[in-house]
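Visitor: I have a model open and want to go through it. Can you take my questions as they come?

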Amino acid sequence: MSNSVTTIKQLKLGAFTDWDIDIRAYLQSKSLWRVVNGTKRKPVAVALNATSSNQDTVDATEAARDKWDDLDEKAVGIIVTSLSHGERTALQPHLTGSAAALYTAIKARHVQVKPLMRFNAYLEFLNIERNAGEPLAEF
């Protein structure tokens, strides 16, 4: 693992929560988290007629796309170096994609939505609480 990621323990089975907090904080410190979570999207390619006035727009768009690609590659590199050998092997098909796709695959591998977790999420979302002493049948 590189020296720049030494504060992040390698992800192994059963350690996703701690790894997630560490990798998120590290990527945020490098201004890469928005690329990973999808809020900073790759600029859309501009297809204009090749006139001199439009060429500046095309060049600026290409430069923005190249910059985004560089950020995405940095994020992928950081995430991959924070994975254990077993995780790299299990996630091999996703290692060459985008950082967002890699993070999504890692999260899907480690976070399972179970009925109780889903119920608790709905309960929290709806903020339903039973009053003290209220019978369950009336709730």
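Visitor: Which residue forms a salt bridge with E87?

Guide: R109 does, with the closest N and O atoms 2.9 Å apart. A salt bridge here is a side-chain nitrogen of Lys or Arg within 4 Å of a carboxyl oxygen of Asp or Glu. The pair links distant parts of the chain, R109 in helix α5 and E87 in helix α4 (residues 85–90), 22 residues apart. This is a predicted model: local features need pLDDT of at least 70, side-chain atom pairs count only at pLDDT 80 or more, and totals for chains, interfaces and linings use all residues. Residues are numbered from 1 along each chain as its sequence is written, and side-chain values use heavy atoms, with hydrogens and water left out.

Visitor: Is E87 buried or exposed?

Guide: E87 counts as buried, at 2% relative accessibility. Buried means under 20% relative accessible area, exposed over 50%, and partly exposed in between (1.4 Å probe, protein chains only). R109 is partly exposed at 34%.

Visitor: How many salt bridges does the structure hold?

Guide: Three. One of them joins K42 and D69, with N and O 2.9 Å apart at the closest. K42 sits in the loop between α2 and α3, and D69 in helix α3, 27 residues away. In another, the side chains of D20 and R24 meet at 3.2 Å, N to O.

Visitor: Where do D20 and R24 lie?

Guide: Both are in helix α1, four residues apart, or about one turn of the helix. D20 is buried at 12% relative accessibility, while R24 is partly exposed at 30%.

Visitor: What else is buried in α1?

Guide: Besides D20, the buried residues of α1 are F16, W19, I23, Y26 and L27. The face turned away carries the exposed residues T17, D18, I21 and S29.

Visitor: Switching topic: what are the elements of the chain?

Guide: Six helices and zero strands. Helices (H or I, at least four residues) and strands (E, at least two) are DSSP runs, numbered from the N terminus.

Visitor: Which residues touch the most other members of the largest nonpolar core?

Guide: W19, L27, V36, I79 and I106, out of 26 residues. Such a core is a set of buried Ala, Val, Leu, Ile, Met, Phe, Trp, Tyr and Cys residues joined through side-chain atoms within 4.5 Å. The largest share, seven residues, comes from α3.
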